[in-house]
Structures are given as structure tokens and as C-alpha cells.
Amino acid sequence: MPGWSEHVGTAVALPRDNIDTDQLIPARFMSTPRAQGYGNFLLHDLRRDAHDALDETFPLNTCPDASILVAGRNFGSGSSREAAVYALLDAGFRVVIAPSFGDIFAANAVNNGLLPAQVTPEVAADLAELLASGPREMTVTLESREILCGATRVSFDVKDGWRTKLINGWDDIDLTLDHAARIAAFRDDRRSAAPWAWPRRPGAQYAR
Amino acid sequence: MTAPRTLLDKLWSAHEILRRADGTSLLWVDRHLVHEGSHHAFAKLAERGSAVAEPGLTFAVADHYAPTRARGLAQLPQIARMISTLRDNAARHGLRLFDLDDAEQGIVHVIGPELGLTVPGLLITCGDSHTSTHGALGTLAFGIGATEVAHVLATQTIWQTKPAAMRITIEGALGPGVSAKDIALNWIARLGTGGARGHAVEYSGSAVRALSMEARMTLCNLSIEGGARFGMIAPDEVTLAYVEGRPFAPAGADLERARDAWAELRSDADAAFDREVALDAAEIAPTATWGTSPDQAVPVTGTIPDPDMLPADKAETARAALDYMGLRAGQPIAGTRVDQVFIGSCTNGRIEDLRAAASVLAGRRATVPGMVSPGSAQVKAQAEREGLDRVFVQAGLDWVASGCSMCVGMNGDVVASGQRCASSTNRNFRGRQGPGARTHLMSPAMVAAAAVAGEITDVRPFLAGRAA
Ligand code: SF4
């Protein structure tokens, strides 16, 4: 996953609270292999009517090239399905701006290079207001934690560790394997100090 | 003198391998549970050419896509593909798989404790947000995404920032017909679905101590619906009695050592919490949701709120929810007609849940169709030994095999568009039980009462003269 430090793109507003991950991608699409692309599943049941036709008035449908989403409180709450992030990414999104995010969603987003930019409810409302008449260009800068839209400049919040990871495009597994010796030592200590933490009936040997 | 510590502090430090300068900890994972939905993570592992670091600590189960009507997969190509992918991955990496026909198969959060894979003091991860369930036994258990699942598979560790500590203390005695589900829906309604975000919730107080192990699992299970990734309860005699003798749980000398370690697993008397919330058990009534998020819940004696009377930040959401649910503001929630019912899921699919529902249904007929899916094959067998299956069938409900089923609808068990379902599950999100489905969350006993009445109704009169 490549890192990034600044994103310039088109922003669109979906000023609703509690867009949970079941709405971001309904469960019935989740058996699809990622290679097939998840973009069409994004917010599927909100964007389409019962006959699968796109609802022309739905904000995302008015701007298919948007890459920044301004949303309401508690975005991505609920299920841990990372497919919700895949759907956003495959639909072209790189940044979601909201007053708050589901914890697991936010971690999943960062793991895939999607920025969950947290702003105050007032800032979210102001940005949504700016976009009320239609999509606009925005610049999101990780280093300064700033969002620029026309003459409006606001700041957002993202954990230090997450910001570093997004900028560097780090893969956690590589980082962790640097600590392989400490992990092995920890395991051995735990095994002798807490033998009860290992399953009595062995697991793997029972594999069929 | 060490500073007083919370249960969270103790569990965290017992698993912390190292901490980075930015405050993120690398934690050791004692148990990693995977299911069909973990296919993205196995694909990532394959891309890297990595092996599973600790196959002996990794357990796989078929639950999310498990067919509940007939286990045969011939007619279900999409489901067959998900299950065979899991089988292939388990075989490739040498993992113990609880497959569809296994006597120990079931929903991942039901079988963990049931088999003794979950014991106090462990750190448990799973690619499912209701992993908080296992915290009921005094574990640090949390749901993770696919990238994190791949990371745990490859390293048996996970990077996490320590959450803030929050304590929900529930004192007093629950009234008859009131259950752990009602406690959970109450605190979530009070604090909101984001109310505990960024926190690990420890449940304490006399009402929590009085709960059975299974009821504690229901309570911890729903932590995520209040935004908390972690829910936990300090182990006590109830926990020990539950754990002992389970097939994967420690025995003999290991158990002796475990008991000593587990005795330490409680928050010190003067440990400080970042947030404290108190509830009075006696004030909690059987509860049902009316909207499209779990915090949109009222006592069954209450009315569906009027969005105009709600604070501005809740009004819009409430209006949209009422519209989706086809309900009118100001109506009593009781008397809302339902089209069908569902009893099951990792929230309320254990044997005590089925007993509670059966005690309402015994000798009565359901007036709407419905399905009962036990949380595991062992729960199913136990229920059949007790004759509960006959109670459900005689009431007119379908008795099916175990799996996630209508909790998430991945196996094809869905609620049709526009239909209203009284459900013992955990999420009433738009479309959760199928596109356009209208879900009302409540306890299994409340679902049973709704089945008989054909509408949402107070379960308490149904319990008169019966053991609840
Ligand atoms: S029953 Fe529902 S919540 Fe529980 S593990 Fe299955 S899908 Fe997840």
C-alpha cells in the first residue's frame, strides 16, 4: 500500500449520522473476492431503488469521481467487516471526514490507506454546508492535519501512529517481524509462567 | 506500593510485548478464532506467502454462512464456495476446523466459552465485532478487521492502543422477565451507540454478580453496540464453575496455577476509571427497539418517541428510522404487529435463552411464523434432550441447525423487504436481516411473547405461574 501525505480531490457530503458498516456494504456481497472490485457495493441499498436502479438524487450518485466523503456522527459503526473500507476505496474514496467513527472501522481504514479524519460536529456541519450546493474540490494534508476548501481552512484529528502509518504506507506485518525475537521470548515466558493459557486439548493436531 | 489497577490494566500488561513511542502496544494473542468471513485475511497471507504463526492457538469454525435448513451444499454454490475456502485454508495451515457436521460446531462466540477455548486471563481476537462476548469470562477480547486478522495469523500478535477504562455498575435485583439483554439495551439507549467509543467497559455490581455465565456473555456481547470494542467482567466462582471440565480448558496442576492467576483478575478497590456509569437494576423493564440502531429502544410499556421532542442531533435520525420502520411517533411500542420472529445468534442463542423462550411458549401457539436456531450443535443437542425443540415445534416455530442465520442473513435466512421481525439478535440496522427488513431487538422471552401475541407485547403476564 503506497503512502500519501496530501490528497486533492472532489468532496461530496452525506450528512447522516450512524452510517453503519451494514449500510456501507450489505452482507450479501461479502463473499465476493476482492479482485472483482467492491465499488458497486458501496452503500448499495441506499443508492439504489428496489429494482437496482441508481437513485439520481442520492449525493454519491451525483458525483461518481468524488474521493472525499463528509459524513455524520458514528460513521462505520457496527460490524468489523473490512469490506466496508474496500467498498469506499474501490469506489475511489481516500478520505472520510466525520465527527466520529466506529473504532474497528477507523483501524481498518488506516490499514488500507483510507484516512478517517475526525472533526468537531461544528466543522462537519460547516463542511457539509459548503457542499450543500454540490461537490467541491478539497485538499487534505496529513502533516498539518488540515482541510482546505476554497477559503475555508479547518483542522482535523488523527492519532499520531495512524498518521505516520498513512504517510509511510507501512505494512504492519513487516514492522512486527522486526520484533520477532522479542515476540518469541515473550511466548516462551508466557508458556512457562502461564501454561494454562494453552489449550489442553491440542488444536492443530486435530486438523483434518 | 504499586498504584491500584483496573482489570483492563492487568489484562493489558499481561499481554504487552512492547510499546512504541506513539503509545501503541504490541500484544500477544492467546486465541485467534477465524470463520468463513476471514477469507480476505487468508488471501492476504497467501499473497505474502506467510504461514500461520501458531496453528495450535488458531481455531476455525463454519458459522456465518452455515445453512440452517439442510446442511447439504449442493443447491447453494455461493455458500459452498465460502465453506470450501475455509476448509482449504484450515487444511493448508493445519488448523482445527469445527465444520458443519462437527458435534462441536456453532457460532464462534458460543463455542469459544462452551469448549473452554475461552478461559479467564486470555487475550482473544476474531474478525467479528461481537468478540467482546468472551470478556464475560475475564478476558481481553475484541473484534478486528481483515488486515488485522492477517497480522494475527502471521505473527500471533496485534498492535493496539490501550482504550480508556469505563465501568458500568448495576446494583440491585432484576425484576421477573427482565434479562441481561434488557440491561444492555438500557445502557445503550441511555448513552447512545457511540457512548462508550474508545473505552473498554467493565461491568460490575450486585446485579452483574447475580447473572449466570451465559447472561454475562449476552451483556458483554452487546458492548460493541454502545461503541465499546471491549466488554469484561471479573472472574468469580460463577466463572470458575463454568470453566472447569470443559474440553480445552486447563485441568490438574495447570488449573491450580490458573486459579491463582485468575484470583488476581479484578479491579483493585480504589482503581480509577476514566468514566463511571451507574444503573439501578430494579428500574429496568423488558425492552424493545423501535428504530434502526440499538440505542433506539424503549421499555415495552413505553411509547415510540416523537422526533420533534428529541434533541436536534437525534431528531433527524429518528425521523429517518421511523420512516424505514413504518412506525408512527407517539404510539405505544406494545401492540406493534410483527410478521415473524427469530430466536438465535451469539447474543441470545445459548441454552438458557432457549429455556427462557420455551417457558413462554410451552402449551401456547405462535400466531406468526418464526425460526429458532440454537447457537451451537451442542446447544441444539442439549435443547433436544430437554424437549425444548418439541415446545418450539408444537408452538409452530421452525427448529433449525446452528449458525449465524438470520442475525446477518449471509446464509440466505433473511427477512423479506417490508416485513417486521421480533428478533433476539444484536443489530436492527437497515437491511441487516435482509434488504428492507424491519428488525425489533428484544430478549428471547420477549420474542416468544411476540410470537404468541403476533405483536410486541410485555412478556411478564406470560410468565405468571411459570418458572422464568
Ligand atoms: S451471530 Fe451475528 S453477531 Fe454473532 S457472530 Fe454471527 S453474525 Fe456476528
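Guide: Let's start with chain B, which is assigned domain 1 (7-162 + 236-257), domain 2 (164-235 + 267-283) and domain 3 (290-463); such bounds come from an automatic or database domain assignment. Keep in mind that this is a predicted model, where local features need pLDDT of at least 70, side-chain atom pairs count only at pLDDT 80 or more, and totals for chains, interfaces and linings use all residues. Residues are numbered from 1 along each chain as its sequence is written, chains are lettered from A and ligands numbered from 1 in the order in which they are written, and side-chain values use heavy atoms, with hydrogens and water left out.

Chain B has an average pLDDT (the predictor's confidence in each residue, from 0 to 100) of 96, and 99% of its residues score at least 70. For the complex, the predictor gives an ipTM of 0.94 and a pTM of 0.94.

Now to the ligand. Its shell consists of B:His64, B:Ile107, B:His109, B:Asp128, B:His130, B:Ser345, B:Cys346, B:Cys404, B:Cys407, B:Val408, B:Asn426 and B:Arg432, where being near means having a heavy atom within 4 Å. Domain 1 (7-162 + 236-257) and domain 3 (290-463) of chain B each give at least three residues to this shell. By type, the shell holds five nonpolar, five polar and two charged residues; Ala, Val, Leu, Ile, Met, Phe, Trp, Tyr, Cys and Pro count as nonpolar, Asp, Glu, Lys and Arg as charged, and the others, Gly among them, as polar.

Domain 3 of chain B also meets domain 2 of chain B: 19 residues of domain 2 are in contact (heavy atoms within 4.5 Å) with 23 residues of domain 3. Their C-alpha centres are 22 Å apart. About 1600 Å² is buried between these two domains, 53% of it from carbon and sulfur atoms; buried area is the accessible area (1.4 Å probe) that two parts lose on being put together, summed over both. B:Lys181, B:Glu214 and B:Glu225 supply 34% of what domain 2 buries here, more than any other three residues.

Stepping back, chain B also touches chain A, through 80 residues of chain B and 61 of chain A.
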